[in-house]
Amino acid sequence: MMTSLFIWLLPLPPLLAFFVILLFTRSRNRLSHALAIGGAGLSFLGSMIVFFRAITTPDLAASPFGSAIAWLPVAGEPVRIGVMVDPLTAVMLFFVAWTVLMIFIYSVGYHNFGQPAGKEDQPGLPPRGAEVRVKNETSRVPSIEPMYARFFAFVSLFAAAMYLLVVSDNLLTLYIGWEIMGLCSYLLIGFWYGKTSARDAAVKAFLTTRIGDMFMLLGMAALFAQTGTLSFQAILGDPEVLAKLAGTASVIPGLSWAGLIGLLLFAGTVGKSAQFPLHVWLPDAMEGPTPVSAMIHAATMVSAGVYLVARFFPLLAAGWEPGQPVTTPMLVMAVIGSFTALFAATIAVAQNDIKRVLAYSTISQLGYMVAALGAGAFVAAVFHLITHAFFKALLFLGSGSVIHGMEHGVMHTGEHIDPQDMQNMGGLCERMPVTFWTFLIGGLALAGFPLVTAGFWSKDEILSGALAGGHRVVFIVLALAALLTAFYTARQITLTFLGKPRTEAAAHAHESAPTMTVPLVVLAFFAVTAGWAGIPEAFPGLGGMVPNWLGGFLGTMPNIPHGEEGHSLVPLLTSLLVSLGGLWLGWLVYRGVQAGQADPLAERLGGLFNVLRSKYYLDELYQGIFVRPAQWLSETFAYRWLDQGVIDGILHGVARGALLLGLFLRRFIDIPLINRSGDVLAEGSRDMGGLMARAQTGRIQMYMVITVGIAVIFGLIIVFLVPGLRP
Amino acid sequence: MSFPLLSLLVLTPLAAGLVILALPRERRDLIRWLALGAGLVMLLCSLALYAGYDQQAGGYQFIEYAPWLPQLGIAYHLGVDGLAVAMLVLTGLVVSAGVIVSWKVEDRPREFFSFMMFLAASVAGVFASLDLFLLFFFFEIAVFPKYLMIVTWGSPETRNYGGMKLTLYLFIGSLVALVGVLALYVQGGTFNFLELQEAGFSTEFQRLWFPFVFFGFAVLGAIFPFHSWAPDGHVAAPTAISMLLAGVEMKVGVFAALRAGIMLMPEGAQIWSPVILALATVNVVYGAFIAMIQTDFKYVIGFSSVSHMGLVLIGLATLTPDGIRGAGLQMFSHGTMTALFFAIVGMVYDQAHTRDMGQLGGLMRKMPWAAAGFVVAGLVSMGMPGFSGFIAEFPIFMGAWRAAPIVAVIAVLGIIITAAYIFLVVRRVFFGEVPPALAAVEDIPLRDKITIGVFSVIMIAIGWFPSLIVPLVETSVQTILQVVGGA
């Protein structure tokens with residue numbers, strides 16, 4: 001019972017930190033980051049307590065921790081909101097708590113805490129460095145972020161929203177956390193709002209994810225209309241409800257309610273977890289500070305999207321038995337997920353920006369998780385979600401450390417180069433050893449380096465799940481994507497860390513402060529060990545030596561059909577081959593790249609390389625088929641033609657007609673008939689009219705006379721002509 | 001009979017308006033303080049109603065009754081249900097805020113504040129009336145102050161056109177409504193609202209006369225295709241009147257359409273509900289699309305009101321508990337939100353002397369409070385959780401899905417576009433570089449900051465603690481559902 005109430009407190013500390021920083025301590029940097037990290041730390045401690053209580057509680061899945069209160073008091077059934085921790089929530093809490101805390105600590109160093117304020121720095125732009133005089137020698141050092149405190153406020157709100165989303169026991173509060181995260185992503189991607197690119201990226205992120213959110217909102221409405229509740233327990237924990245949803249036909253022919261609602265909810269994931277075709281926002285989202293990228297790519301946003309479909313897997317799979325054809329939502333997920341995995345991996349191969357490569361790799365890896373759910377491999381999907389969160393947070397923070405080191409070099413040499421472009425790096429492993437080794441671990445995990453890295457185990461489980469479930473196409477596509485993943489990872493590591501420095505700045509790069517490197521080490525630890533929690537029993541040779549804890553823990557979740565367990569040599573050999581082969585190929589191609597040399601791949605691929613580098617021109621395509629037509633529809637059709645042309649045209653026509661009528665009365669009745677007898681009166685009124693012209697146009701009286709006349713006529717018609725109404 | 005709280009609320013602004021008009025025009029300070037005092041009295045009375053309304057009992061309370069023209073069945077009959085209380089609180093808020101943001105009106109302040117008070121009395125009267133004739137009477141006396149204030153104090157380029165257009169539309173609308181009201185009277189034999197509810201009009205009668213009453217009043221709620229007065233009128237009007245028009249007057253239209261239309265002719269409402277749903281859906285999407293391409297700051301907000309009032313009408317027309325509850329909440333939420341929007345537009349215009357978004361920019365640095373207030377109102381308008389807009393729009397979509405999923409599917413598009421135009425405005429007006437022409441712009445005065453703060457706090461408070469207002473509105477939902485029947 002204590003634990004149930006305790007869960008309520010998890011989102012609270014960061015939320016309070018947000019308010020306190022924003023309202024009171026905005027001008028005090030040390031206090032602000034102490035509050036933010038303190039808040040994240042409290043939530044972290046709470047999460048760990050809840051996590052360990054959860055894993056030591058037998059039958060947690062059948063009777064999860066939780067409590068609920070009435071939030072929206074309405075007649076009949078009040079809308080209740082509450083919290084719940086079941087096995088899925090518990091593992092979510094574990095990686096969210098760790099990554100969030102590490103990102104918070106890293107941010108202190110990243111934003112140059114303890115450095116002087118730069119003279120040219122202004123809010124809304126990245127700090128440009130400050131001049132420092134030591135013993136009559138001026139040197140240029142990094143300067144502190146001008147909106148340091150505000151950053152910690154926003155990022156605290158982000159964390160609070162994620163905690164809220166994870167501990168929710170119903171779709172309504174999940175959606176609240178979901179939307180607040182959308183807002184935070186807008187605020188943080190556009191944190192340097194002085195940069196046009198950052199402003200554009202912020203709006204793009206918010207609007208693109210919102211398209212998915214709107215489908216999700218419709219899905220909620222449909223779910224509520226069908227079941228009368230939004231509680232997870234009442235819907236997902238009740239086989240009868242699920243069977244009913246899967247058995248009744250929806251408004252769309254050929255689709256059950258479970259299918260339709262599942263698809264609508266999945267559309268929310270497509271937006272939030274950046275799946276094709278709504279993936280376009282995520283690569284641009286790196287315009288924000290790097291810790292924000294890590295938040296979005298690992299701890300919060302995109303993980304939330306996958307969490308939603310994992311949470312609703314019982315609904316998505318309702319009516320499916322392992323071995324049977326999958327349900328419509330699962331089929332859609334398998335197709336979109338595996339396509340996205342391959343598609344994004346091909347783009348990542350051709351990017352030069354160190355963060356952009358990682359951004360496309362995130363899209364690709366999320367595709368794995370979605371495809372795994374589509375293939376019915378629930379545990380594998382969640383497993384990959386966890387391991388990915390650790391190694392992707394590590395990689396992003398590592399890339400931030402690299403960029404920091406490069407900026408240090410740029411400041412030293414005064415070169416005008418892009419510190420994020422991998423072509424300008426090289427040989428950083430000597431200058432930045434901690435960053436190098438941790439980045440290497442993260443990269444190998446991403447590439448699925450066999451046996452030692454976490455990424456291998458989770459990716460292997462997805463591949464074997466896909467094959468065991470009979471989804472050959474999914475298996476082949478994902479294996480191809482894995483090959484590309486290993487290739488671009490090797491390319492990235494080789495270009496960044498190996499070889500000789502290709503610029504002066506790279507030669508003068510500098511290892512980052514301990515506040516940045518310690519989180520890297522911690523995350524690197526999990527990027528290796530997180531995989532050991534889920535080594536499948538059936539794994540050839542090693543299986544069973546370490547118990548498959550994760551499979552056992554998540555496997556108890558109710559109403560989740562589990563696919564075939566079988567683990568053969570085919571997926572294992574495939575995993576080994578694509579991972580090692582891709583890494584080797586990438587190293588081979590890029591090891592000898594010299595300064596100023598074109599990308600070796602560009603020569604071999606020719607025009608295709610440009611298509612990849614331009615991301616298949618999808619941004620341009622969307623501009624052409626959505627944005628411009630929408631503008632045309634608004635501007636030309638709705639506003640100019642319909643509103644100003646037709647609707648106002650009718651109004652103006654009526655007004656002109658009334659004026660003509662007045663003119664007619666004046667010319668042909670008034671003047672000839674009454675003639676000059678009323679002239680005196682008329683002149684008098686005209687003078688009066690002139691006096692009152694400021695307040696009246698003179699036309700209104702006529703309309704009033706007309707309207708009153710019509711009123712009288714109508715009244716007479718009603719009273720005397722309409723039968724049955726006569727008094 | 002207990003203390004006549006409602007009469008005090010309705011008659012205070014009327015009396016204040018008359019007194020102000022009788023004062024010498026040099027006494028500007030006295031005039032302003034009188035107007036503010038009257039506004040605050042309205043607000044306090046409405047808060048007393050809020051505190052004193054018995055939510056358990058529900059129904060109509062604080063009833064006052066005095067025969068007026070007994071031969072015709074006309075009486076001075078006041079009383080409020082939960083929704084009316086919420087609307088009166090909104091009125092008190094917006095009137096007080098309107099006085100504060102108009103504090104420095106230089107051009108004939110005596111007439112300005114006096115007319116504003118008449119408008120306030122008219123609005124409060126409609127919300128408090130339980131007599132159809134009285135309701136119509138209050139409804140109509142708003143026309144003259146509105147027209148005069150727009151053409152006298154409005155923005156010089158469009159005030160004559162905008163004022164005339166608004167007056168014409170509303171006149172024609174109320175004329176149509178009058179015909180319907182007369183039909184109700186002739187058939188029911190009384191103007192007493194409570195008796196009319198029991199009159200048992202035949203289905204045929206309701207089918208014929210419901211559209212007269214409903215659409216006649218709904219013109220003031222800017223239902224498509226009778227919406228085009230709203231953006232032009234809002235933009236032409238001076239700030240305080242834009243706030244009152246969009247914040248409160250549009251709700252007056254919907255409120256009257258609900259009272260005299262849906263509640264007196266529930267069968268008619270069911271017959272006509274698909275038509276209303278269709279038109280209101282057009283409102284939502286159409287208004288949002290047009291708002292997106294405006295270059296005039298104020299027109300964006302003007303068209304956004306058209307879009308959001310569509311959601312109110314959708315909620316009502318679903319005739320489901322969720323929809324009606326959402327509509328009532330949206331009336332309040334949109335009222336505070338749009339009043340804040342127009343107040344900020346006015347503050348920006350006062351400082352920058354332009355509303356062209358091409359010439360604005362970077363005002364975040366110049367007037368951070370205005371920027372923050374605009375963002376809060378923007379988040380409300382895009383239905384962000386944690387703000388009142390979510391509490392209102394969420395049930396509307398739930399209700400719409402139950403009544404007609406296609407309506408929910410189309411209307412949801414409006415929410416995306418809303419986010420688009422809000423961000424567009426925020427970007428163009430508040431972010432970016434400050435143009436050289438605006439280098440001398442100063443921050444807004446304290447009284448404006450207080451206004452922004454109060455509205456923001458209310459919208460956020462409702463977002464987090466919906467129980468502040470939901471049970472109040474719920475009492476009306478129950479009354480309406482009883483009348484409408486099992487729908």
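Student: Is B:H353 buried or exposed?
Tutor: In this predicted model, B:H353 counts as exposed, because 11 C-beta neighbours lie inside 10 Å and the cut-off for exposed is 12 or fewer.

Student: Where does B:H353 sit?
Tutor: B:H353 is placed in the loop between α14 and α15 (363–366) of chain B.

Student: What about the phi of B:H353?
Tutor: The phi of B:H353 is positive, at about 60°, although the residue is not a glycine.

Student: And B:F62, what is its phi?
Tutor: B:F62 is not a glycine, yet has a positive phi of about 55°. B:F62 belongs to strand β1 (residues 61–69) of chain B.

Student: Is B:F62 buried or exposed?
Tutor: B:F62 counts as buried, because it has 22 C-beta neighbours inside 10 Å.

Student: Let us turn to helix packing. How do α13(B) and α14(B) lie relative to each other, parallel or antiparallel?
Tutor: The axes of α13(B) and helix α14 (residues 321–352) of chain B are 8 Å apart, at an angle of about 170°. Angles over 145 degrees count as roughly antiparallel, and α13(B) and α14(B) are therefore roughly antiparallel to each other.

Student: Which residues make that contact?
Tutor: From α13(B), the residues include B:F297, B:I301, B:H308 and B:L311. From α14(B), B:G323, B:Q330, B:H334 and B:F341 are among them. By class, the contact of α13(B) with α14(B) has 12 nonpolar, nine polar and one charged residues.

Student: How does α11(B) cross α13(B)?
Tutor: The axes of helix α11 (residues 239–262) of chain B and helix α13 (residues 297–318) of chain B cross at roughly 25° and come within 11 Å. With angles under 35 degrees counting as roughly parallel, the two helices are therefore roughly parallel to each other. The crossing of α11(B) past α13(B) is right-handed.

Student: Which residues are involved there?
Tutor: On α11(B), the contact is made by B:A246, B:M250, B:V254, B:L258 and B:I262. On α13(B), B:S305, B:M309, B:V312, B:L313 and B:L316 take part. By class, this contact of α11(B) with α13(B) has nine nonpolar, one polar and no charged residues.

Student: Now the two chains. How many residues of chain A are in contact with chain B?
Tutor: There are 48 residues of chain A in contact with 48 residues of chain B.

Student: Which helix of chain A gives the most to that side?
Tutor: That helix is α7(A), with 13 residues on the side of chain A that touches chain B. Helices α6 (171–189), α7 (196–227), α28 (618–674) and α30 (700–721) of chain A each supply at least two residues of this side.

Student: How many of those residues are nonpolar?
Tutor: The side of chain A that touches chain B has 35 nonpolar residues, along with five polar and eight charged ones.

Student: What is B:F431 in contact with?
Tutor: Apart from its neighbours within four places in sequence, B:F431 is in contact with A:Y193, A:R199, B:G362, B:M364 and B:V426. B:F431 is in the loop between α18 (405–430) and α19 (446–464) of chain B. The residue counts as buried, because 22 C-beta neighbours lie inside 10 Å.

Student: What does chain A look like overall?
Tutor: Chain A contains 30 helices and four strands. Its C-alpha trace spans about 115 × 75 × 55 Å along the principal axes. Of the 727 residues in chain A, 54% are buried.

Student: How many residues of α16(A) are buried?
Tutor: In α16(A), 21 of 21 residues are buried, and the helix is mostly covered.

Student: What span should helix α16 have?
Tutor: At 1.5 Å a residue, the 21 residues of helix α16 (residues 354–374) of chain A should span 30 Å. The end C-alpha atoms are 31 Å apart, which agrees. Just after α16(A), A:G376 takes a positive phi of about 90°.

Student: Which peptide bonds are cis?
Tutor: One of them joins A:F276 and A:P277, with omega about 5°. A:P277 lies in the loop between α10 (257–272) and α11 (281–284) of chain A. The peptide bond from B:F224 to B:P225 is also cis, with omega near 0°. B:P225 lies in the loop between α9 (203–218) and α10 (229–236) of chain B.

Conventions:
Residues numbered from 1 in each chain as written. Chains lettered and ligands numbered in written order. Predicted model: local features only at pLDDT ≥ 70, side-chain atom pairs only at ≥ 80, totals over all residues. Contact = placed C-beta atoms within 7 Å. Nonpolar A, V, L, I, M, F, W, Y, C, P; charged D, E, K, R; others polar. Expected span 1.5 Å × (residues − 1). Buried ≥ 20, exposed ≤ 12 C-beta atoms within 10 Å, placed from the backbone. Axes fitted to C-alpha atoms, helices over the stretch in contact; angles between N-to-C directions. Parallel < 35°, antiparallel > 145°, perpendicular 65-115°, else oblique. Left-handed = near helix turned anticlockwise from the far one by under 90°.
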